[in-house]
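Here's a quick tour of a few spots worth a look.

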Amino acid sequence: MMRQYELVERVQRYKPDVNEAMLNRAYVYAMQKHGHQKRASGDPYFSHPLEVAAILTDMHLDESTIAVALLHDTIEDTTATRAEIDELFGPDIGKLVEGLTKLKKLDLVSKKAEQAENLRKLLLAISEDVRVLLVKLADRLHNMRTLDHVPENKRLRIAEETMEIYAPLAGRMGMQGMREELEELGFRYINPEAYHTVTERLAGVFARNKGVVGEIERSLGAMFEKHGIKAEVTSRQKKPWSVFRKMEAKALSFEQLSDIFGFRVMVDTVDDCYRALGAIHTTWSMVPGRFKDYISTPKQNDYRSIHTTIVGPSRQRIELQIRTWEMNNVAEYGVAAHALYKDKIGKPNGGGGHVISNETNAYAWLRHTIEQLAEGDNPEDFLENTRLELFQDQVFCFTPKGMLIALPRGAIPIDFAYAVHTDVGDSCVGAKINGRIMPLMTELKNGDEVEIIRSKAQVPPAAWESMVVTGKARAAIRRATKNAIRKQFSGLGVRILERAFERAGKTFSKDGLKSVLHRLARKDVEDVLAAVGRGELASNDVLRAVFPDFKDERVTQPQQPKPQREEGWFNLRNAAGMLFQLPTRARRNKDKAGQETKDGGAVPIRGVSGDLPVRFAEEGAVPGDRIVGIVQPGSGITIYPIQSPSLQAFDDQPERWIDVRWDIDETNKERFPARVSVTAINAPGSLADIAQVIAVNDANIHTLSMIRTAPDFTEMLIDLEVWDLKHLNRLLTQLKENSSVSDARRVNG
């Protein structure tokens, strides 16, 4: 276990003016508080915060962060209090220790919603002070290094959480060294067999190619010396997880991998990077398509380097990374490499302070993610979208004005539009890529110039949500879809209330609802209207809220004919782009002769498919049927044929009735559901005969069930898909004529 003076010396190597008193005080305080506590390995518990502190010294962090690492478990696991730590070490350190304590209480491997909410809290804490992340990652790294001592039933959960959250988060913040070690340790516990196999194969390859690697290093060194470039060349071997992931993603065998070894060229200046690149490309052939300049266009986590692949001296492919020492520092330590030391004047207990710049690209990504928190995504969606962005590599595209937009690999122009601005995405109808009009599903590539074509009349289709890859685009599309459906239900609610108020001899106005919102338990007028449209709030309840003294004095007698009202129209559009037009209102009455009549205007409806809250009743309805819609509270509108016995259940709820009529698109024909009952002779081959008749008549069986079987007959209930009423009647006639069928009839309700 590291001694007190050894810890101070480690910090002094990179920060000579270290506040020794603070470090000594934190060391002694944490050791005393943890006392005789033991870890699962049997080691003194204090060894854990000490190792976390040691990891942070390797990242050259200041004494304040090291002190937080020493103290990070004291509030949770000992008698220490926030007030005590504030008094001894200052409120800044106290706040960080308390924040880490709260985060540690979160079980990120619990239920999905809880895990998402905890990830929110983690990111919010990081956004306030990145040292929370640095200590948290160092804490997780040491826990992963000692995972062998954790009970077996917990190991897999902790390893999965590390791979899903902490390793990619470290990568997003530019801490590549930390990410690689976390991934390797996680891989070891999640898939031990694959880990050991890949590790053994890599060791064998290294042993066989040790001489070749040395020869390439010498050849590169001699070439740089010849061109007068001061450079250091080092070899590196791919990590087991990186190798395994590439084999899985590209379906390659180990022998097919050509980039197990790579070489890093370290120089002093950016100018030297490009001089070294020129020397390499003029000496050896470059492999086409394998050049990337992340100095000119840095990654979102601030990574900068030149990547190229050449055909080397022995005719083998060689991957090269060319970077300055400063770039290498950022690549290894990410946001920690942006540390700026300065004196903190007037701070309690004095000493050097630590500031990490919040103007880095890594912070820009974090700010973008925090913006999503304020946009109200539900926790599961937030978790899904954040994970998606954590794991994605990037492509870099440009607007026509030259603005650089970084997107996840696999992004399409819709993602690009939403990355520019939510309004641009919502109004997107097309895109030009490099000057040519291209489909919105086109996958973008590095360097593409994208121009978005917009229309004020556009509403983003719900189907876009499954096409895009960025969390921002998904959240915006989902929000726009919800708003569109809410607006449609709100319009339906207006029509329902207008009729209800008219029947009561009252005049409806939206302004009249404002003063009674508290009675209706709704926050605004649009909420009231949408609730009425969805059937969640009865129109009579709204009427009585506005006019508390109103009494329904209508008597049960035949209603006088009312003048026909002008039809009201408003549209719904489903994921497939199919149009639904819902009505103002409708009622079904019976005259003295028992004949059904309707008042109100009927409006057209096409086939119901996709994800809109409009559906057919179980017995189905087909073009040619007279149909009616019933508002179902909380679940949309159900379409019934007018002869359905099921409609009797709604006779006393006239406000839920909606007249609809067919509006078939002849250019986009589709089938409709119908239910038939077939009584067949109980003999071998009967079912085959029935299926043959249905197939010959171009109908489709959706479901089939035997509802009653007798010695001589079998009764079947068949849900079909047919074109229209004529098609259905023709099919029923041919079924009846079949020698295996005793009876065939349509089932309504």
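Leaving out residues up to four places away in sequence, Val243 touches Val198, Leu202, Lys238, Phe254 and Leu257, where contact means heavy atoms within 4.5 Å. Keep in mind that this is a predicted model, where local features need pLDDT of at least 70, side-chain atom pairs count only at pLDDT 80 or more, and totals for chains, interfaces and linings use all residues. Residues are numbered from 1 along each chain as its sequence is written, and side-chain values use heavy atoms, with hydrogens and water left out.

Val243 sits in helix H13 (residues 240-250); helices (H or I, at least four residues) and strands (E, at least two) are DSSP runs, numbered from the N terminus.

Gln632 belongs to strand E20 (residues 627-632). Beyond four places in sequence, Gln632 has contacts that include Arg534, Tyr640 and Phe650.

Both residues are buried (under 20% relative accessible area; exposed is over 50%, partly exposed in between, with a 1.4 Å probe and protein chains only):

| Residue | Relative accessible area |
|---|---|
| Val243 | 1% |
| Gln632 | 13% |

Now for strand E6 (residues 317-324): seven of its eight residues are buried, so the rest of the structure largely encloses this strand. Strand E2 (residues 261-267) runs parallel to E6, joined by six bridges, and Phe263 has Leu320 as its bridge partner there. Strand E5 (residues 306-311) pairs with E6 in the antiparallel sense, also over six bridges, with Val311 opposite Arg317. Pairing here takes at least two DSSP bridges between two strands.
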